[in-house]
Amino acid sequence: MGWAVALHGGAGDIPLSLPPERRLPREDALRHCLNIGVNALKSQQHALDVVELVVRELENHPNFNAGRGSVLTSSGTVEMEACIMDGNTKRCGAVSGLTTVVNPISLARLVMEKTPHIYLAFDGAEAFAREQGVDTVDSSHFITPENIERLKQAKEANSVQIDYTQPIQREVKVETHAADGDSQIGTVGCVAVDNHGNLATATSTGGLVNKMVGRIGDTPVIGAGTYANNLCAVSATGKGEAIIRCTVARDVAALMEFKGLSLEVAAASVVESAPIGTVGLVAVSPSGEVTMPFNTTGMFRACATEDGYSEIGIWSSRQN
Amino acid sequence: MGGWAIAVHGGAGVDPNLPTERQEEAKRLLTHCLNLGISALRSNLSAIDVVELVVRELETDPLFNSGRGSALTEKGTVEMEASIMDGPKRRCGAVSGITTVKNPISLARLVMEKSPHSYLAFAGAEEFARNQGVELVDNDYFITEDNVGMLKLAKEANSILFDYRIPIVGLETCSAGAAATESLLQMNGLPISVYTPETVGCVVVDKEGRCAAATSTGGLMNKMTGRIGDSPLIGAGTYACDLCGVSCTGEGEAIIRGTLAREVGAVMEYKGLGLQEAVDYVVRERLDEGKAGLIAVSNNGEVACGFNTNGMFRGIASENGFMEVAIWE
């Protein structure tokens, strides 16, 4: 028993050659966010508060694809989505199509707590944000020069980047290398279990580079990108469309519930059965176990547990 | 291979005082849609084509809450959503916030087949619809007089419930409309006579053992604009895989929390339950005090339904000649 926290900043084809100037700021951000989570858990905050707090911090960090730093739609705009779920009560909230809300994850929590619904999207979600008085800014706040460049590349390649973490065209990989380094960013998420065994999960994202306006991914879909119950809390990242059809987050819990698998085995089994290169996830159990499997080249991730274990990584352990 | 089977629904949670005439009307429509599906299956259409065809028909008829006849938002507008899933490769498509597309289910299918995504919503979905050249109509086309009246009653009944699991206090004493006070049965905090869930759905297994599912809805009466329910969410309102096809209806938030449609597949896959067993288990164990119903088919030609509401509009048929259209238990 004891608390545990795990977070991710996206999974994808992160090149092993990622230059230090791209790698280090993200590792620092992961460490910083992990510490925030650890301190919150040490000061007896509820798991739900911890995951919200950590994801807010990740959203505020421009190097990850959520909040500020979100990738752009084909129209050059930002449309963010987020989802939060409390394990013991299975209460949950989700938002999509946000354009001005500084911290989408906190709006998702308000949908959970202040509306009769679970999921609000686009204009209705923005109207709700105003009504609740959350921080809003001009949409340009979220748009970084890197993401403008990334959209330009995607458009030149004339492709929706189904996996925005991959180089746009493999054959021109050398030329686009610098930009590739920048594109190794992803959805963010956090799972936590507190000292009282409360589980919670939160996921937030800007979606895909050059996505169609109106596209919804796995992140806000309960059971796909985000899920928690009394057995585990899960936040997934990767190719949204694959995660949706594999109902990834719920399946980790379902394998534990229906087949009696451990957290680690259940999570590994779900990730292995998804198409290669599509999924990564972080998960915790009530007894403080943590697992962070992925079938992509890498996943920005970090975790810590009460017994003193801590890890920050990008590629699989033998490569780190 | 057990041959084809099909099930359709027009929502779970039926007002016990629903006029007989409307009950008969609902049964006629369910029978008509079932027959449409049966003919299509006999002419060897694939499961995915059949579910789309049947749901289009349900959307086009104003009786149930989808397409024409959709429930209204608090602003009196229509925002429809739908999803479709093909079992063999688990391909799926979904749409939300649709205001002018005559048949949302067909747009969901186009998202699945013609876009790189699985789910499009609101303005982006409407734009995609225009690009695809699907049939568009004015938002007024979807709004029926019945639903304008229902919205008024819903507003008088003091709106929808904050959380369906928290008992409401005082609704009985508030100035609910006459129709509302007649019945204390509630779903999502609305008197059952106003609630009009009546989401539509269809599940099919074809002769080849391919399963598919489709669900379409106007959502909850008096919902906030922008509200997304369970119908477009893969794993919640709709799910299909190699083993089964499932379409759910009822209190959306309960269905989302329970990832209800996927659960049928999950307990078949991970616990080895048969279809009816899986359906019963899910309705009993996974609804967490919520009220809902579902229809399901398996790849060996079984068909099943289950609900914990008072009644579900439903029709079931299989290749061996079994056919049933019913509302109550």
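In this predicted model, helix H1 (residues 20-42) and helix H2 (residues 47-60) of chain A have axes that come within 9 Å and cross at roughly 160°. Residues are numbered from 1 along each chain as its sequence is written, and chains are lettered from A in the order in which they are written. As the model is predicted, local features need pLDDT of at least 70, side-chain atom pairs count only at pLDDT 80 or more, and totals for chains, interfaces and linings use all residues.

**Helix pair in chain A**

- H1(A) and H2(A) are therefore roughly antiparallel to each other (angle over 145 degrees).
- H1(A) contributes Cys33(A), Ile36(A), Gly37(A), Ala40(A) and Leu41(A) to the contact, and H2(A) contributes Asp49(A), Val50(A), Leu53(A), Val54(A), Glu57(A) and Leu58(A) (contact: C-beta atoms, placed from the backbone, within 7 Å).
- These contact residues divide into eight nonpolar, one polar and two charged; Asp, Glu, Lys and Arg count as charged, and Gly is among the polar ones.

**Helix H10 in chain B**

- Leu275(B), Ala278(B), Val279(B), Val282(B) and Val283(B) are the buried residues of helix H10 (residues 275-285) of chain B (buried: 20 or more other C-beta atoms within 10 Å of its own; exposed: 12 or fewer).
- They lie on the same side of H10(B), because they cover an arc of only 125° around the axis.
- Arg284(B) and Glu285(B), on the other side of H10(B), are exposed.
- The cover over the buried residues of H10(B) includes strand S11 (244-250), helix H9 (260-271), strand S12 (292-298) and strand S13 (303-307) of chain B.

**Chain B overall**

- Chain B has 10 helices and 15 strands (DSSP runs of at least four and at least two residues, respectively).
- Of the 329 residues in chain B, 63% are buried.

Definitions and conventions: Axes fitted to C-alpha atoms, helices over the stretch in contact; angles between N-to-C directions. Parallel < 35°, antiparallel > 145°, perpendicular 65-115°, else oblique. Contact = placed C-beta atoms within 7 Å. Arc of directions from axis to C-beta.
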